[in-house]
Each structure stands twice: as C-alpha cells, then as structure tokens.
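Before reading these points, please have the sequence and the coordinates side by side. The notes follow the chain through its strands, core and pocket.

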Amino acid sequence: MNAGKHEPKHCERCGAGFECRVGDVLRCQCSTVPLNDHERQFIANRYDECLCAGCLAELKLEHEAAGTNS
C-alpha cells in the first residue's frame with residue numbers, strides 16, 4: 001500500500017524538484033491548484049508526467065486567457 005509514500009519528482013515543464021505525495025494526494029503540492037475538467041484535459045494533452053504547482057497555475061492562466069474554459 002502507498003499510504004505514506006512520498007516520491008521526489010521533477011516537473012516535466014520547468015524541471016523544478018518537488019515531492020509527489022501519491023499516497024496522500026490531498027496533501028500533495030498539486031492539490032493547491034484547483035483545476036476543472038477542461039483545464040485538466042488541456043494540461044494532459046501537453047504533458048505526460050507530474051508538474052509543479054507553479055506550472056499548473058501558469059497553465060491554468062494560459063487556458064483561461066485562451067478563452068477555452070467552457
């Protein structure tokens with residue numbers, strides 16, 4: 001079981017290091033950036049691996065600026 005597993009990762013977009021908390025996703029850094037289904041798909045279409053919270057926030061803004069949030 002991965003209940004307490006924390007995994008060091010590097011952001012696929014910017015290379016920044018962070019700790020992925022796959023066993024406790026509600027405490028993972030990525031959970032600090034709320035994404036709707038359209039934003040998640042926008043990001044998933046461009047990246048295969050984990051991204052840091054900073055890049056997730058930037059991509060969220062990029063998606064909103066493109067006017068494709070509906």
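Predicted model: local features only at pLDDT ≥ 70, side-chain atom pairs only at ≥ 80, totals over all residues.

1. Residues are numbered from 1 along each chain as its sequence is written, and side-chain values use heavy atoms, with hydrogens and water left out.

2. The secondary structure of the protein chain comes to 2 helices and 2 strands, and from the N terminus on the elements run β-β-α-α. Helices (H or I, at least four residues) and strands (E, at least two) are DSSP runs, numbered from the N terminus. Of the 70 residues of the chain, 27% count as buried. Among contacts (heavy atoms within 4.5 Å) with a separation of 6 or more, residues 24 or more positions apart account for 45%.

3. Strand S1 (residues 7-10) is joined to S2 by 4 bridges, and the two run antiparallel; two strands pair if DSSP finds at least two bridges between them. Within this pairing, Glu7 stands opposite Cys20 in S2, and His10 stands opposite Gly17 in S2.

4. S1 and S2 form a hairpin with 6 residues between them, and Gly15 in the turn has a positive phi of about 85°. Gly15, in the loop between S1 and S2, counts as partly exposed because its relative accessibility is 40%. Gly15 and Cys52 are 37 residues apart in sequence, yet their C-alpha atoms are 8.6 Å apart in space.

5. His6 lies in the segment before S1 and counts as partly exposed, because its relative accessibility is 32%. Not counting residues up to four places away in sequence, His6 touches Glu19, Cys20 and Arg21. The C-alpha atoms of His6 and Val22, which are 16 residues apart along the chain, are separated by 6.4 Å.

6. The largest nonpolar core has 13 residues, of which Cys11, Ile43, Leu51 and Leu56 touch the most other members. The elements that give two or more residues to this core are strand S2 (17-20), helix H1 (37-44) and helix H2 (53-65), and H2 gives the most, with 4 residues. A nonpolar core is a set of buried Ala, Val, Leu, Ile, Met, Phe, Trp, Tyr and Cys residues joined through side-chain atoms within 4.5 Å. Leaving aside residues up to four places away in sequence, Cys11 touches Ala16, Phe18, Cys50, Leu51, Cys52 and Cys55.

7. Glu58 lies in helix H2 and counts as partly exposed, because its relative accessibility is 44%. The C-alpha atoms of Glu58 and Val33, 25 residues apart along the chain, are separated by 9.9 Å.

8. The largest pocket is lined by 21 residues, of which Cys30, Leu35, Arg40, Leu51 and Leu56 lie nearest its centre. The elements that give two or more residues to this lining are S2 and H1, and H1 gives the most, with 3 residues. On a 1 Å grid over the protein atoms alone, a pocket is an open set of points where a 1.4 Å probe fits, with protein on both sides within 12 Å along at least five of seven lines, and lining residues have an atom within 4 Å of a point.

9. The lining of the largest pocket divides into 15 nonpolar, 2 polar and 4 charged residues. In this division Ala, Val, Leu, Ile, Met, Phe, Trp, Tyr, Cys and Pro count as nonpolar, Asp, Glu, Lys and Arg as charged, and the others, Gly among them, as polar.

Technical notes. Buried < 20%, exposed > 50% of the residue type's maximum accessible area, 1.4 Å probe, protein only.
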